[in-house]
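Please keep the sequence and the model in view.

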Amino acid sequence: MSARALLVMEHVNESADWSRLDALRKEWRPQILVVGEPLTLEGEAQPATLRARRFAEQLRQRFGLPVVMVDERSSSKEADSRFAAARAKGTARRRDGALQDAIAAQIILERWLVAGMPLEPSL
């Protein structure tokens, strides 16, 4: 079991790219979906948390799959560190910096995998 960064999808006017998500679901055929939950450093909800929860509910309704929310605190910072290490090794270039969000998503999925893949959906 492993995770890897695939791509970064942009939101347009607060809307997900549903056609791209449909294609990814068909290609990868997941049994469960994992969504990062952006909490404050104190573990409290914030506006981004509510948007992530709404998105998770939209995913559950659209695809009929269980959705698990995973604490994403510090994932961006860890992604920055991994990216810097890859640059130092020569395996990443400055122009690849846009993939840092994909690396953060990879980290969130790795956290879920390490936690023993709790199948208890958040939604």
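On a 1 Å grid over the protein atoms alone, a pocket is an open set of points where a 1.4 Å probe fits, with protein on both sides within 12 Å along at least five of seven lines, and lining residues have an atom within 4 Å of a point. The model is predicted: local features need pLDDT of at least 70, side-chain atom pairs count only at pLDDT 80 or more, and totals for chains, interfaces and linings use all residues. Residues are numbered from 1 along each chain as its sequence is written, and side-chain values use heavy atoms, leaving out hydrogens and water.

The largest pocket is lined by 49 residues, with L21, V34, V35, F55 and A105 lying nearest its centre. Its volume is about 2000 Å³, taken as the space filled by probe spheres set on the points, which are joined across faces, edges and corners. At least two lining residues come from each of α1, β1 (33-37), α2, α3 (75-89) and α4 (100-114); these helices (H or I, at least four residues) and strands (E, at least two) are DSSP runs, numbered from the N terminus. α4 supplies the largest share, 9 residues. By class, the lining divides into 30 nonpolar, 9 polar and 10 charged residues; Ala, Val, Leu, Ile, Met, Phe, Trp, Tyr, Cys and Pro count as nonpolar, Asp, Glu, Lys and Arg as charged, and the others, Gly among them, as polar.

Contact (heavy atoms within 4.5 Å) is also found between two helices: W18, L21, D22 and R25 of α1 meet F55, Q58, L59, R62 and F63 of α2.
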